[in-house]
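Thanks for coming. I will take one structure today and go through its fold, its salt bridges and its surface.

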Amino acid sequence: MSKRSKFALITWIGENVSGLQRAKTGTDKTLVKEVVQNFAKEFVISDRKELEEDFIKSELKKAGGANYDAQTE
């Protein structure tokens, strides 16, 4: 059974952020990706509902490939 840890890179950009400010996050995100290279899924989130733990966990499970936990669920 696979117990590999899965990491997410989450970028929060609020709903009222202008296009120019959104573009500026790309530079910062590039710097972070140089340091943190091992993540299973990248999220760019502007809706608070997408920050819920259950949503993040389900997306990480999908990104992980084969789901060996399916027999126990």
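How many helices and strands are there in the protein? There are 2 helices and 2 strands, taken as DSSP runs numbered from the N terminus, where a helix is H or I with at least four residues and a strand is E with at least two. Starting at the N terminus, the order is β-α-β-α.

Before going on, the sources. This is a predicted model, in which local features need pLDDT of at least 70 and side-chain atom pairs count only at pLDDT 80 or more, while totals for chains, interfaces and linings use all residues. Residues are numbered from 1 along each chain as its sequence is written, and side-chain values use heavy atoms, with hydrogens and water left out.

Some totals next. The protein has 73 residues, and 14% of them count as buried; buried means under 20% relative accessible area, exposed over 50%, and partly exposed in between, with a 1.4 Å probe and protein chains only. For contacts (heavy atoms within 4.5 Å), take the pairs at least 6 apart in sequence: 58% of them join residues at least 24 apart.

Which residues does Thr11 touch, leaving aside its neighbours within four places in sequence? Thr11 is in contact with Lys29, Phe43, Val44 and Ile45. Thr11 itself sits in strand β1, residues 8-12, and is buried at 13% relative accessible area.

Side chains of opposite charge can pair when their charged atoms come close. The rule here is a side-chain nitrogen of Lys or Arg within 4 Å of a carboxyl oxygen of Asp or Glu, and by that rule the count is 5.

One of them pairs Lys29 with Glu42, with the closest N and O atoms 3.1 Å apart. This pair links distant parts of the chain, since Lys29 is in helix α1 (residues 19-35) and Glu42 in strand β2, 13 residues apart. Is Lys29 buried or exposed? Lys29 is buried, at 19% relative accessible area, whereas Glu42 is partly exposed at 30%.

Glu59 takes part in salt bridges with two lysines, Lys41 and Lys62. With Lys41 the N to O distance is 3.7 Å. Lys41 lies in strand β2 and Glu59 in helix α2, so this pair ties together parts 18 residues apart in sequence. Lys41 counts as partly exposed at 27%, and Glu59 as buried at 15%.

With Lys62, the N to O distance to Glu59 is 3.2 Å. Lys62 and Glu59 are about one helical turn apart, because they are 3 residues apart in helix α2. Lys62 is exposed, at 61%. Elsewhere, salt bridges that share partners join Lys29, Lys33 and Glu42 into one network.

Last, the surface. Patches are made of residues with over 30% relative accessible area and no salt bridge; like charges are joined within 9 Å, and nonpolar side chains (Val, Leu, Ile, Met, Phe, Trp, Tyr) within 5 Å. Which residues make the nonpolar surface patch of about 260 Å²? Ile10, Trp12 and Leu51 do. Ile10 lies in strand β1 and is partly exposed, at 38%.

How values were computed:
Accessible areas come from the Shrake-Rupley method with a 1.4 Å probe; for residues, only the protein chains shown count as cover.
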